[in-house]
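This report describes the helices, the nonpolar core and selected residues of a protein model. The sequence and the coordinates are shown first.

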Amino acid sequence: MIGESFDGVLAGAQDGDEMAFACLWRETNPLLLRFLRTLARPVAEDAAAETWVQVVRGLGSFRGNEIQFRAWLFTIARNKVVDWRRAQARRPVAPLDDEVAESLLTTRDAAEAALEELSTESALALIATLPPATAEVVLLRVVADLDVATVAATVGRSPGAVRVAVHRGLRRLADSLRRERVTP
Amino acid sequence: MSGPDVPPDEMVNFPWPGERAGAMPTQDLQALLNGPSSSGEDDGWATLAGLLRAVAAPGRAEELAGLAAAVAVFRHERDGISPVHRRDEARRTTMLSTFMSSRTTVAAFAAAAVGVSATAAAACTGALPEPIKRTAYRILGASGLQQAQPVPDPLPTNSAGSAPARLHRAVGFDRLPPARPGGRRTREGHPLLRHGDGQARQARQADQGAAALPPE
């Protein structure tokens, strides 16, 4: 979080200051990439770039604090994910090749990898095992650091539904981690 | 993290990285963020805390690699021209400058402009041959120039006399006062005569109706 200096940074970026924009980008792009890589991995980089283009074009008219800026940024990113999922749903499903299937079966489980090394990637991989709607609210809550009301507004659900979804998602992650720990 | 749908005590151990006011006791959060407890007890929440810390960790180098490209997009948008628009504009400018730098093109433009202007002027003044005039009016009609209305024939086509005679009557020679007996009609009888208009004189000579007017 940029914190108290956010207003000045935002004003600088809106005035065309490249350093101010770079500050905004540095602070939020890693989180944006993690969000997109978890929910739309094949197109994460492209979606992030398109998100930033849209942010840059709308930056002059944006009004709000840091939380609202993040909510705006992740709302745009989420729309990219939704578009990608719709496009995916329209495409015919290709049959899985036998060799690929075998290699997938021998790949380490995401939870196992997360236990061995809780790197960012492995943690995101574990979150990606959640149902998409649950993973989405967990990411918005944890990665984007948005409060429940903002997450609810972003995903178009009630705050209560978001609380329940986040709770279930985290409980599921915790259970998964616990199982892996007790399993020899 | 409480609400009608989630019992308050059920969410107490969730380690929110940037939790705001009233979510979790600070000591519990700190304990979770510090990692698994030293007692070795781990019900999954402590490990989950590590997981959440990992996903909210500061950006890594590969996540910051696109900064230059992002700033480039920002710079282009700030300057009011996106990279795509700038490329298109440069292409248009190049094509236009190449086109305008050609001497043949400039000469053709000049000749066409002179030709159109001259044609328009000549057509309006009636100095063009009829076929060319019609063509000119047809071409220039779209640009707002109206074809001159043909002058109505003042005399019915079945009226007697030649064209000069008809012109004679149209001008009003036929309404001149009759010639004085034994005398000459003076020039003061009609304005055209006062100015010695040759055309009117020829008309008078050709018109039978004006035969009373003696040749000068």
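## Overall architecture

The model discussed here is predicted. Chain A contains 10 helices and zero strands, and from the N terminus on its elements run α-α-α-α-α-α-α-α-α-α. Chain B has nine helices and, again, zero strands; read along the sequence, its pattern is α-α-α-α-α-α-α-α-α.

## Burial, contacts and surface of the chains

In chain A, 48% of the 184 residues count as buried. Where contacts in chain A link residues at least 6 apart in sequence, 61% of them join residues at least 24 apart. The accessible surface of this chain amounts to about 9,100 Å², and carbon and sulfur atoms account for 51% of that area.

For chain B, buried residues make up 25% of a total of 216. Of the contacts in chain B with a separation of 6 or more, 21% involve residues 24 or more positions apart. Chain B exposes about 14,000 Å², with 59% supplied by carbon and sulfur atoms.

## Helix α2 of chain A

Helix α2 of chain A covers residues 18-39. Its 22 residues reach 30 Å from the first C-alpha to the last, close to the 32 Å expected at 1.5 Å a residue.

The N-terminal end of α2(A) is capped by A:D17, a side-chain oxygen of which lies 3.0 Å from the backbone nitrogen of A:M19. Most of the helix is covered, with 17 of the 22 residues buried.

## The largest nonpolar core

The largest nonpolar core holds 69 residues, and those touching the most other members are A:F21, A:F35, A:L36, A:I127, B:L48 and B:L51. Helix α2(A) contributes the largest share of this core, namely 11 residues.

A:F35 is placed in α2 of chain A and is buried because its relative accessibility is 0%, below the 20% limit for burial. Beyond residues up to four places away in sequence, A:F35 touches A:F74, A:A77, A:R78, A:V81, A:E136, A:L139 and A:L140. The C-alpha atoms of A:F35 and A:R78 are separated by 8.8 Å, although the two residues are 43 residues apart along the chain. A:I127, when neighbours within four places in sequence are left aside, is in contact with residues of chain A, namely A:T38, A:A135, A:V138, A:L139 and A:L173, and with B:L51 and B:V55 of chain B.

A:T38 is a further residue of helix α2 of chain A. Its relative accessible area is 12%, so A:T38 is buried under the 20% criterion. Apart from its neighbours within four places in sequence, A:T38 is in contact with A:L124, A:I127, A:A128 and A:L139.

## Helix α3 of chain A

Helix α3 of chain A comprises the 15 residues 44-58. At 1.5 Å a residue it should span 21 Å, and its end C-alpha atoms are 21 Å apart, so expectation and model agree.

The buried residues of α3(A) are A:A44, A:A47, A:A48, A:T51, A:W52, A:V55, A:V56 and A:G58. The buried residues of this helix pack against α2 and α4 (66-90) of chain A, together with α3 (67-78) of chain B.

A:V142 is found in helix α8 of chain A, which spans residues 132-142. With a relative accessibility of 1%, A:V142 counts as buried. Its C-alpha atom is separated by 9.7 Å from that of A:L31, a residue 111 residues apart from A:V142 along the chain.

A:D145 lies in the loop between α8 and α9 (148-155) of chain A. This residue has a positive phi of about 60 degrees although it is not a glycine. Most residues other than glycine have a negative phi. A:D145 is also buried, because its relative accessible area is 10% and burial requires a value under 20%.

Definitions and conventions: Residues are numbered from 1 along each chain as its sequence is written. Chains are lettered from A and ligands numbered from 1 in the order in which they are written. This is a predicted model: local features need pLDDT of at least 70, side-chain atom pairs count only at pLDDT 80 or more; totals for chains, interfaces and linings use all residues. Side-chain values use heavy atoms; hydrogens and water are left out. Helices (H or I, at least four residues) and strands (E, at least two) are DSSP runs, numbered from the N terminus. Buried means under 20% relative accessible area, exposed over 50%, partly exposed in between (1.4 Å probe, protein chains only). Contact means heavy atoms within 4.5 Å. The expected span of a helix is 1.5 Å times one less than its number of residues. A polar contact is a pair of N or O atoms within 3.5 Å; within protein, one must be able to donate a hydrogen and the other to accept it, and residues adjacent in sequence count only if both atoms are side-chain atoms. A nonpolar core is a set of buried Ala, Val, Leu, Ile, Met, Phe, Trp, Tyr and Cys residues joined through side-chain atoms within 4.5 Å. Accessible areas come from the Shrake-Rupley method with a 1.4 Å probe; for residues, only the protein chains shown count as cover.
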